[in-house]
Amino acid sequence: MDVKFITSAGGPSGFPIADRPEVAFAGRSNAGKSSLINTLTNRKKLARTSGTPGRTRLINFFAVGEEVYFVDLPGYGFARVPVSVRKSWMHLVETYLEIRPTLAAVVVIIDIRREPSKGDIDLLHRLKMRGIPAIPALTKSDKLSRGKAAEKRTAVTRSLLELLPLPPVVFSSKTREGRDELWGQINKLTSTDR
Ligand code: GTP
Ligand code: MG
């Protein structure tokens with residue numbers, strides 16, 4: 001599978017032409033979005049990862065094969081970023097979700113050790129209203145025992161019942177748990193075979 005960085009955009013004028021289905025990856029800052037994209041695409045440094053939350057400030061587009069774009073969205077809810085900057089990121093993400101005609105699904109990434117945040121819940125509401133399928137993923141599963149991870153999956157499924165189309169995928173960028181399951185859901189929604 002050929003994977004290429006296409007562009008970083010700070011606004012709609014920088015978005016590439018919408019000529020293929022795309023899957024966006026969203027979540028709280030530091031949740032593990034960039035790592036998850038790298039794990040899915042088998043690239044170590046495609047999407048930048050860091051210990052410094054709030055690193056992804058622009059919308060990054062990647063071509064996965066010829067058929068699909070992957071889109072790394074800026075993280076929300078990072079407390080140490082000034083409110084004005086956070087507002088402008090939120091605005092950028094909201095604009096993207098509103099206007100992108102080829103958006104096939106959004107993978108909503110939540111650190112399995114944390115509770116879904118207000119940002120996660122707002123995003124799930126927005127997707128439901130827009131009729132865009134959400135694929136929930138609980139990542140960093142390697143930080144919990146198998147039993148605890150399964151419990152957390154059940155708890156999140158129950159607490160977000162009317163917002164989640166399916167139970168979350170339990171995922172880890174470290175062990176690659178959940179990678180095939182997540183690809184399965186992405187392929188179904190973008191109807192490409194890989
Ligand atoms: P921003 O772009 O800054 O919002 O962060 P992000 O959501 O893209 O997170 P990123 O992938 O940069 O990961 C944040 C930190 O969590 C890094 O130190 C990663 O190494 C670590 N991390 C991400 N995924 C996993 C995982 O599955 N397991 C473990 N143990 N650590 C992870
Ligand atoms: Mg990132």
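## Helix α4

The expected span of a helix is 1.5 Å times one less than its number of residues. Helices here are DSSP runs of H or I with at least four residues, strands are runs of E with at least two, and both are numbered from the N terminus. Helix α4 has 14 residues (146–159), so it should span 20 Å, and its end C-alpha atoms do sit 20 Å apart.

Which residues of α4 are buried (under 20% relative accessible area, where over 50% is exposed and in between is partly exposed, with a 1.4 Å probe and protein chains only)? They are Ala149, Lys152, Val156 and Thr157. Looking down the axis of α4, these buried residues fall within an arc of 135° (taken from the directions from the helix axis to the C-beta atoms), so they line one face of the helix. They pack against β6 (134–139) and β7 (169–170), with contact meaning heavy atoms within 4.5 Å.

## About the model

This is a predicted model, where local features need pLDDT of at least 70 and side-chain atom pairs count only at pLDDT 80 or more, while totals for chains, interfaces and linings use all residues. Residues are numbered from 1 along each chain as its sequence is written, chains are lettered from A and ligands numbered from 1 in the order written, and side-chain values use heavy atoms, leaving out hydrogens and water.

## A cavity and a pocket

On a 1 Å grid over the protein atoms alone, a cavity is a set of points where a 1.4 Å probe fits but cannot get out; a pocket is an open set with protein on both sides within 12 Å along at least five of seven lines, and lining residues have an atom within 4 Å of a point. Points join across faces, edges and corners, and volume is the space filled by probe spheres set on them.

The structure holds 1 cavity of 30 Å³ or more. The largest cavity has a volume of about 30 Å³, and Val156 is among the residues lining it. β6 gives the most to that lining, with 3 residues.

The second largest pocket is about 310 Å³. Of its 17 lining residues, Tyr76, Gly77, Met90, Gly119 and Asp122 are the closest to its centre. α2 (83–99) gives the most to this lining, with 7 residues.

## Two positive phi angles

Asn30 has a phi near 75°, positive in a residue other than glycine, and lies in the loop between β2 (22–27) and α1 (33–41). Arg176, also not a glycine, has a positive phi of about 70° and sits in the loop between β7 and α5 (179–190).
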